[in-house]
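Subject: Structure for your files

Hello,

Here is the structure I said I would pass on. My notes on it follow below.

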Amino acid sequence: MKIRIKKMWGNWFIFALVFLPLSASDQTALDQRLVQALDREIEKNQSEIIKIRRYLHMNPELSNREFETAKLVASKLSSLGLEVQSGVAGTGVVGLLRGNRPGPTVAIRADMDALPVQELNTFPYRSLNPGVMHACGHDVHTSIALGTAMVLSKMKDRIRGNVKFIFQPAEEGAPPGEEGGASVMIKEGVLENPAVRAIFGLHVWPDLEVGTAGYASGYIMASSDSFTITIKGKSAHAARPQDGIDAIVVAAEVVNNLQTIVSRALDPTEPAVITIGKIQGGVRSNIIAEKVILEGTVRTLSEDLRHKIPRLMETIIAGTARSHGASYIFDYQKQLPPVYNHPDFVRAMLPALKGCFGQENTLEVKPQMVAEDFALFAERIPAFMFLLGVKSPDQVKAAPLHSPYFNPDETAISLGIRAMCHLVINGLEQQASLKTPTDLPVS
Ligand SMILES: [Zn+2]
Ligand SMILES: [Zn+2]
């Protein structure tokens, strides 16, 4: 049943691409002849790209270990005639497509890594790698970027400038003790030679139905920082609390008091999350604990809050510890800024997105409190990350990202390729929109 419905969607998609005229409000930023040529090329490549996606899904690789994935990506890009650079930030691959008309360079970024999750789906192309799964849809992202390269490499005459395809390792975070991901790619010069003027990214989104896209002007995803708090008390016999300083009681108060930052100290219209995800302390039931370690994460949608929260946390931790005669170590690690879609760039690119999905299927969404290291590109150059609907129409609720049952509807892949092609061409045509704004955090 499911396959029948999917097939029907596939047919509908081809029909819609080829025959349905766009209404005035859905008018894409591109001319109709070009749109039709793109659609024909997407259709031609559709079955190959689904095969690639299923191969990637069956052979997922963890962060900084994307060896086979990178080989596949590099050989496909080379076969398309792109200039290919492998081994960027470890396993990253960069492909440069030079258009036949001079112009600036824009980039598409796709992440390639999978997660340490045991897949519980039962379809024939489920993961063959025990305990590893593409549970965040990065197989779809990689396939969409490759598909976009396949299509655009046949349309060089229409490309006014260059398109850099950035296949990034370790978006989910490098293994302990290693570096990886967007930060290392940037350090190794991925945004230079030729200089990238703007960047596009997408994330599959199981809350949105296939055929829809979500966007936000300004922040679309949150910052992500982590912290470790060590509370030091004094151990004693459990029956003689007067001889000790109970680190567990102090830690319990710290946990509760930290929650008052979001509820009492911050503007309630500005989202923030302080979560303690791990507590470790004590040695046994009849000894007062000397030490407790708390670990957690902070998410915000603004650099101001990101700056303010650690100071508020330390005031609370210090006050609570002092009131019990305990001491503390507060280690706060800044990791990722929020993902910022520069409003001017969104305004310039939105007609292209609406042209692909239709006005009513291009939904303005609330920012999400998850994080993405695409943020590091977006704080340097104009960026546009959108959410690609992947919930099948026959599902009431799709399995969420990182779930062992995550199963994006593959119909979304062609739609993602189409959107990326439109955005890239549109971006290169509108060169004024590629001007780096002066209000980006890093420029
Ligand atoms: Zn993820
Ligand atoms: Zn992801």
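N193 is found in the loop between α5 and β5. This is a predicted model, and that applies to everything below. N193 has a positive phi of about 50°, although it is not a glycine. With a relative accessible area of 72%, N193 is exposed. The peptide bond that runs from N193 to P194 is cis, and its omega is near -10°. P194 also lies in the loop between α5 (182–187) and β5.

N64 is not a glycine either, and has a positive phi of about 65°. Its place is in the loop between α2 and α3. Is N64 buried or exposed? At 11% relative accessibility, N64 counts as buried, since the cut-off for buried is under 20%.

**Helix α2 and its neighbours**

Helix α2 (residues 32–58) and helix α3 (residues 67–79) make an angle of about 160°, and their axes are 11 Å apart. The two are therefore roughly antiparallel, as angles over 145 degrees count as such. The crossing of α2 past α3 is right-handed. On the α2 side the contact is made by E48, I52, Y55 and L56, and on the α3 side by T69, L72 and K76. Of these contact residues, four are nonpolar, one is polar and two are charged.

Helix α2 also meets α4. Their axes come within 9 Å and cross at roughly 145°, again with α2 passing in a right-handed crossing. The α2 residues involved include L38, I42, I49 and R53, and those of α4 include V140, L146, M150 and L152. The residues of this contact divide into ten nonpolar, five polar and four charged. E48, I52 and L56 of α2 are on the list for α3 and also on the list for α4.

Helix α4 (residues 138–152) has 15 residues and spans 21 Å from its first C-alpha to its last, close to the 21 Å expected at 1.5 Å a residue. Because 15 of the 15 residues of α4 are buried, the helix is largely enclosed by the rest of the structure.

**W205**

W205 sits in strand β5 (residues 196–209). The residue is buried, with a relative accessible area of 7%. Leaving out residues up to four places away in sequence, W205 touches M221, Q368, V370, L387, L388, G389, V390, K391 and L401. K156 is 49 residues from W205 along the chain, and their C-alpha atoms are separated by 31 Å.

Regards

Definitions and conventions:
Residues are numbered from 1 along each chain as its sequence is written. Chains are lettered from A and ligands numbered from 1 in the order in which they are written. This is a predicted model: local features need pLDDT of at least 70, side-chain atom pairs count only at pLDDT 80 or more; totals for chains, interfaces and linings use all residues. Side-chain values use heavy atoms; hydrogens and water are left out. Axes are lines fitted to C-alpha atoms, for helices over the stretch in contact, and angles run from 0 to 180 degrees between N-to-C directions. Helices (H or I, at least four residues) and strands (E, at least two) are DSSP runs, numbered from the N terminus. Angles under 35 degrees count as roughly parallel, over 145 as roughly antiparallel, 65 to 115 as roughly perpendicular and the rest as oblique. A crossing is left-handed if the near helix is turned anticlockwise from the far one by less than a right angle, and right-handed if clockwise. Contact means heavy atoms within 4.5 Å. Ala, Val, Leu, Ile, Met, Phe, Trp, Tyr, Cys and Pro count as nonpolar, Asp, Glu, Lys and Arg as charged, and the others, Gly among them, as polar. The expected span of a helix is 1.5 Å times one less than its number of residues. Buried means under 20% relative accessible area, exposed over 50%, partly exposed in between (1.4 Å probe, protein chains only).
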